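Hi,

Here is the structure I promised to pass on. Have a look at it first, then read my notes below.

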Amino acid sequence: MNYKKRSCTRELMDDPYLDTLMLQRVYADINKVNTILQGFSLSLRAIEKIMEENPQDSYTIIDMGCGDGSMLVKVASFYRDKPVSLNLIGVDLNSKSIALAKEKAREHPNIRFQELDILAPEAKELQCDILLCTLTMHHFDTDEISIFLDQFVKLSRLGIVINDLQRSKLSYHLFKLFSLIFIKTKIAKHDGLVSIKSAFTKLDLITFSVGLPHVEHDICWRWAFRYLWIIRTKGKQLPYGRD
Ligand SMILES: C[S@@+](CC[C@H](N)C(=O)[O-])C[C@H]1O[C@@H](n2cnc3c(N)ncnc32)[C@H](O)[C@@H]1O
C-alpha cells in the first residue's frame, strides 16, 4: 500500500442514507478512540492555551464537522464552573449528526448546532473567537482543504485548532490491532483505516500552512499518531482582496 499520497476513498459514515442508530454507534466508536487515545484532551488543552494567551470574559467557539457534538459537550462541561462564558456552535453537514448532537447537548443551553456544509457560502457568515476542526479535515480533497482553511482564518478572531490523524504505515497497522479490541462497528473499523490513508504527513500540513503566510502556525505531532495544528489568527493581516 502507498502512503506517499492521500487516499481519496470515501468513508462509509459519510453515506447520507446511513440510518441514525448505526451512525450513533459509529460516533460511539469514534468517541472511544478520542477518549482512550486522548484526542479530546488534546483539543481541550489547545483551546485552553489560546484562551490563556488571549484573556477574555467570553468566547465563541465553533466546531466545524462537530459530529454527534461530543467535543462541544466536553468543552462545555470543562468550563462549566470556571469564570468564563462560552457560546458554543457545532456545524455539521449531516442532519442525522445534528439531531444526535442536539440530543447529547440538551443539558447545555450554551451549545447550539447548525446543519451546514463547511464549503457552503453561508459558512462565510459564521464568526468566532476559536475555531475547532477535529478529525474532519481528512474527509476533504486537498483542493477543498485549501479553500476552507483560507475561510477559517477569516472567521476566527483568535485561533484555529486542527486535530487530525497522521498518515503512516505504522499507525495503519496499529489501528488494525486497536480496532480488534476496542471498536465495535464494522463501519468504524473500515473508516478508521480509510481515515489514516486520507490523513496527513507533517509535510502536507506545512504545505497548507505556506498558503496562509499572514498567520502564525504551530504544527506538532502528538500521541497517538495525531497532528495538532494551532493557527494563531489574532492581528492577522489579510492580503488585499481576501477579507
Ligand atoms: C470523523 S467525524 C468527526 C466528528 C468529531 N469532530 C470528532 O472529532 O469526533 C467527521 C465529521 O465531519 C462531518 N463532515 C464531513 N463533511 C462535511 C462538510 N462538508 N461540512 C460539514 N461537516 C462535514 C461528518 O458529517 C462527520 O460528522
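Start with helix 2 and helix 3: F40, S43, L44 and I47 of helix 2 touch M71, K74, V75 and F78 of helix 3. Sorted by class, that contact has 6 nonpolar residues, 1 polar and 1 charged. Keep in mind as you look around that this is a predicted model.

How do the two helices lie against each other? In general, a packed pair of helices is described by the angle between the axes and the distance between them. Helix 2 (residues 39-53) and helix 3 (residues 70-79) pack at about 55°, and their axes are 10 Å apart. Helix 2 and helix 3 are therefore oblique to each other, and their crossing is right-handed.

Now compare that with another pair. Helix 1 (residues 20-36) packs with helix 4 (residues 95-104) at an angle of about 65°, with the axes 10 Å apart. That angle makes helix 1 roughly perpendicular to helix 4. Helix 1 passes helix 4 in a right-handed crossing. On the helix 1 side the contact is made by T20, L23, Q24 and Y27, and on the helix 4 side by K96, S97, A99 and L100. By class, this contact has 4 nonpolar, 3 polar and 1 charged residues.

Next, the sheet. Strands of a sheet pair through backbone hydrogen bonds, either parallel or antiparallel. Here you'll find an open sheet of 7 strands in the order 3-2-1-4-5-7-6, and the pairing is mixed. Which strands stand at the edges? They are strand 3 (111-115) and strand 6 (216-222); each has a single partner strand, so one side of each is left without a neighbour in the sheet. From one strand to the next, the twist averages 15°.

Strand 6 runs antiparallel to strand 7 (residues 226-232), and 7 bridges join them.

Last stop, the ligand. How many residues surround it? There are 19, and the closest are G65, G67, L93, I118 and T134. Helix 1 and strand 2 (85-92) each supply at least two residues of this shell. By class, the shell has 8 nonpolar, 8 polar and 3 charged residues.

Cheers

Terms used. Residues are numbered from 1 along each chain as its sequence is written. This is a predicted model: local features need pLDDT of at least 70, side-chain atom pairs count only at pLDDT 80 or more; totals for chains, interfaces and linings use all residues. Axes are lines fitted to C-alpha atoms, for helices over the stretch in contact, and angles run from 0 to 180 degrees between N-to-C directions. Helices (H or I, at least four residues) and strands (E, at least two) are DSSP runs, numbered from the N terminus. Angles under 35 degrees count as roughly parallel, over 145 as roughly antiparallel, 65 to 115 as roughly perpendicular and the rest as oblique. A crossing is left-handed if the near helix is turned anticlockwise from the far one by less than a right angle, and right-handed if clockwise. Two residues are in contact if their C-beta atoms, placed from the backbone, lie within 7 Å. Ala, Val, Leu, Ile, Met, Phe, Trp, Tyr, Cys and Pro count as nonpolar, Asp, Glu, Lys and Arg as charged, and the others, Gly among them, as polar. A residue is near a molecule or strand if its C-beta atom, placed from the backbone, lies within 6 Å of it. Two strands pair if DSSP finds at least two bridges between them.
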